[in-house]
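Visitor: I'd like a close look at one part of this model, the charged side chains that pair up. Could you take me through them and then show me what else is worth a look?

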Amino acid sequence: DPTVSFTALQAGDIDMTERAPYEWIKEIRDGKLKGIGSVESRYSAGRAIEFNVVDPPFNNKKMRLAVAHAMDRKEILQAAYFGFGEPSDQFYPKGHKWYIEGIPSPAYDVDKAIKVLDEAGYKPGADGFRTTPAGEATAFSIIVPNGWTDWIDAAQIAVEGLRKAGL
C-alpha cells in the first residue's frame with residue numbers, strides 16, 4: 001500500500017519507497033513536506049487500456065479507434081497524476097529507444113469518436129448509449145486494480161469520455 005509505505009518513510013521507519021502517491025510527490029516538490037526528497041524516473045510506468053480483440057465489441061477496429069478518440073489523455077494526466085509525465089499513445093514514451101516515431105496519434109475528439117462509431121454501425125439508442133450493429137446494447141467492463149487511486153481516477157476520466165461518445 002503506497003500510503004503505508006509513505007507514512008513509514010515520513011516516520012523514519014524506512015529510508016526509501018517507490019510509487020509514493022502523486023499528491024504527496026507534488027507536496028514534496030512544492031516544499032510542503034520537509035526532509036523528504038524525490039527522484040523522477042523518466043520511464044517509470046505507463047497505463048493502458050488493453051482490449052480483448054477476439055470478442056465483440058473490441059474485435060471491431062473502428063470501435064477501438066473511437067475509444068482512443070474518446071480518451072482525454074491530458075485530463076487523465078492532470079487529474080490522476082497531478083500533471084506528472086506526458087500523455088502517450090504508445091507503451092514507451094517519446095525519447096525512449098523503443099518509441100516508434102511517425103505513428104499518428106488519435107487526438108482527443110469526442111465528435112470524431114461519435115463519427116467513427118456511426119461508421120462502424122453503432123447507433124445511439126433511446127437512452128443515448130450506443131447499440132451494436134445488431135441492435136443490442138453495447139456493454140463491456142473496465143477492470144482497475146483496487147488501492148491505486150491514480151488508476152481509479154484515470155479510469156473514471158476515461159469512462160467520462162466514453163459516456164460522451166455514447167458508450
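Which residue forms a salt bridge with Asp 30, and how far apart are the closest N and O atoms?

Guide: Some ground rules before we zoom in. This is a predicted model, with local features needing pLDDT of at least 70 and side-chain atom pairs counting only at pLDDT 80 or more, while totals for chains, interfaces and linings use all residues. Numbering runs from 1 along each chain as its sequence is written, and side-chain values use heavy atoms, with hydrogens and water left out.

Your partner is Lys 26: its salt bridge with Asp 30 has the closest N and O atoms 2.8 Å apart. A salt bridge here is a side-chain nitrogen of Lys or Arg within 4 Å of a carboxyl oxygen of Asp or Glu, and the count by that rule comes to three. Asp 30 is partly exposed at 43% relative accessibility, and Lys 26 is partly exposed too, at 33%. For the cut-offs, buried means under 20% relative accessible area, exposed over 50%, and partly exposed in between (1.4 Å probe, protein chains only).

Next, Lys 62 and Glu 119 meet in a salt bridge at 3.4 Å, N to O. This pair links distant parts of the chain, with Lys 62 in helix H3 (residues 61-70) and Glu 119 in helix H5 (residues 110-119), 57 residues apart. Helices (H or I, at least four residues) and strands (E, at least two) are DSSP runs, numbered from the N terminus. Lys 62 is partly exposed, at 37%, as is Glu 119, at 46%.

Then there's Arg 130, which bridges to Asp 118 with the closest N and O atoms 2.5 Å apart. Arg 130 sits in strand E2 (residues 130-131) and Asp 118 in H5, so the pair ties together parts twelve residues apart in sequence. Arg 130 is buried, at 5% relative accessible area, whereas Asp 118 is partly exposed, at 31%.

Back in H3, you'll also find His 69, buried at 9% relative accessibility. Leaving out residues up to four places away in sequence, its contacts (heavy atoms within 4.5 Å) include Pro 106, Tyr 108, Asp 109 and Lys 112.

Now over to helix H1 (residues 2-11), where Pro 2, Ser 5, Phe 6, Ala 8 and Leu 9 are buried. Those residues cover an arc of only 155 degrees around the axis, so they sit on the same side of H1; that arc is taken from the directions from the helix axis to the C-beta atoms. The buried residues of H1 pack against helix H2 (22-29). On the face turned away from the buried side are the exposed residues Val 4 and Ala 11, with Val 4 at 54% relative accessibility. Just after H1, Gly 12 takes a positive phi of about 85 degrees.

One last stop: the second largest pocket holds about 280 Å³ of space. Of its 16 lining residues, those closest to the centre are Arg 73, Pro 87, Ser 88, Asp 89 and Ser 105. A pocket is an open set of points on a 1 Å grid over the protein atoms alone, where a 1.4 Å probe fits, with protein on both sides within 12 Å along at least five of seven lines; lining residues have an atom within 4 Å of a point.

Technical notes:
Grid points are joined across faces, edges and corners, and a volume is the space filled by probe spheres set on the points.
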